[in-house]
Amino acid sequence: MKTTTYSSGLRALLSIRNLNDSLEKNQTTLVLIEKEINDLNSDTSVIIQSNCTIESYEKWKIVLKESDSPAFNVNKILKTAIEKIAIKDSSSSTDLWKQFDLYFSELKNTYQNLEELGIEFLPDREHEFWKRDIGKFKEIILPLIDAIEESCRLQLRIIERYSSNELVQITDSLLLGIPNDFTSEEAEKYERDYLVALKDFKQEFHKEKNLWDSFLDILADGSHQSPSENVMMSRWIEGEKGDLK
């Protein structure tokens with residue numbers, strides 16, 4: 001069992017506790033993503049135009065144009081998710097993420113095609129530089145998109161599952177003892193403490209089985225675990241499968 005799921009859950013709870021800061025950060029990141037994509041498209045187009053035939057450059061522009069729609073829609077869906085979180089509206093979340101997955105897959109496929117076109121069109125001496133430049137999509141842009149998507153998906157799932165009172169119970173219990181200035185970047189560092197808090201949370205709400213089980217489901221990315229899988233996750237949280245770190 002990997003521990004990153006729990007770090008994700010902690011980041012989601014932190015972002016709900018610090019909702020205004022989280023929303024502002026995600027909005028800023030969306031602007032950055034748009035800028036990074038525009039810069040990448042501009043820089044790589046210059047490389048292709050400077051080193052390839054006119055025919056090759058025209059083919060490049062056609063494929064590059066194909067990235068406009070999925071890039072726009074990915075940004076639009078994430079912006080919608082941020083707006084829904086701000087008003088605690090989880091309605092239509094399933095359809096929202098289905099659309100996101102579709103457009104995000106199209107966006108990744110388009111840039112994979114662009115990378116391959118560059119290798120095809122450019123002389124061998126440019127291949128190393130090309131992979132470095134086009135690689136910014138995977139190294140910089142994808143992680144930014146993944147971070148917002150992960151944060152928003154978990155926040156909407158938590159908002160959907162719990163009443164305002166339950167959410168207060170959860171955040172108060174799980175974030176007890178965690179400093180107010182604790183940041184999402186520290187989630188991995190403090191994960192052991194988070195797992196201890198999870199254990200305490202289970203004990204505190206052991207009579208509210210639905211609350212505990214639904215929280216496990218959220219941490220498992222909404223994958224509707226079997227009873228045996230829930231037992232395994234519970235045991236892992238309680239340290240029965242060995243050291244937590």
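Contact here means heavy atoms within 4.5 Å. Helices (H or I, at least four residues) and strands (E, at least two) are DSSP runs, numbered from the N terminus. The model is a predicted one, in which local features need pLDDT of at least 70 and side-chain atom pairs count only at pLDDT 80 or more, while totals for chains, interfaces and linings use all residues. Residues are numbered from 1 along each chain as its sequence is written, and side-chain values use heavy atoms, with hydrogens and water left out.

Of its 245 residues, 46% are buried (buried means under 20% relative accessible area, exposed over 50%, and partly exposed in between, with a 1.4 Å probe and protein chains only). Among contacts between residues at least 6 apart in sequence, 78% join residues at least 24 apart.

Now for the helix pairs. Two packed helices are described by the angle between their axes and the distance between the axes. Axes are lines fitted to C-alpha atoms, for helices over the stretch in contact, and angles run from 0 to 180 degrees between N-to-C directions. Take H4 (residues 68-86) and H5 (residues 93-121): their axes come within 8 Å and cross at roughly 150°. H4 and H5 are therefore roughly antiparallel to each other (angles over 145 degrees count as roughly antiparallel, under 35 as roughly parallel, 65 to 115 as roughly perpendicular and the rest as oblique). The crossing of this pair is left-handed, a term used if the near helix is turned anticlockwise from the far one by less than a right angle, with right-handed used if clockwise.

On the H4 side of this contact sit Pro70, Ala71, Asn73, Val74, Ile77, Leu78, Thr80, Ala81 and Lys84, and they meet Ser93, Leu96, Trp97, Gln99, Phe100, Tyr103, Phe104, Glu106 and Leu107 of H5. Sorted by class, the residues of the H4 and H5 contact come out as twelve nonpolar, four polar and two charged. In this sorting, Ala, Val, Leu, Ile, Met, Phe, Trp, Tyr, Cys and Pro count as nonpolar, Asp, Glu, Lys and Arg as charged, and the others, Gly among them, as polar.

What about accessibility? Lys88 counts as partly exposed at 46% relative accessibility, whereas Ser92 is exposed at 53%.

H5 also packs against H3 (residues 54-65), with axes that come within 10 Å and cross at roughly 170°. That makes H3 roughly antiparallel to H5. Here Ser56, Lys59, Trp60, Val63 and Leu64 in H3 meet Thr110, Asn113, Leu114, Leu117 and Phe121 in H5. The contact of H3 with H5 has six nonpolar, three polar and one charged residues.

H4 has a further partner in H7 (residues 136-161). The axes of H4 and H7 come within 10 Å and cross at roughly 35°, and the crossing is left-handed. Val74, Leu78, Ala81, Ile82, Lys84 and Ile85 of H4 meet Ile145, Ile148, Glu149, Cys152, Gln155, Leu156 and Ile159 of H7. By class, this H4 and H7 contact has ten nonpolar, one polar and two charged residues.Cys152, from the H7 side of that contact, is buried at 0% relative accessibility. Cys52 is buried too, with a relative accessible area of 17%. The structure holds zero disulfides, a disulfide being a pair of cysteine sulfur atoms within 2.5 Å.

Arg157 belongs to H7 and is buried, with a relative accessible area of 12%. Arg157 and Ser93 are 64 residues apart in sequence, and their C-alpha atoms are 8.2 Å apart in space. Gln49, in helix H2 (residues 19-51), counts as partly exposed at 47% relative accessibility. Between Gln49 and Leu122 there are 73 residues of sequence separation and 9.9 Å in space, C-alpha to C-alpha.
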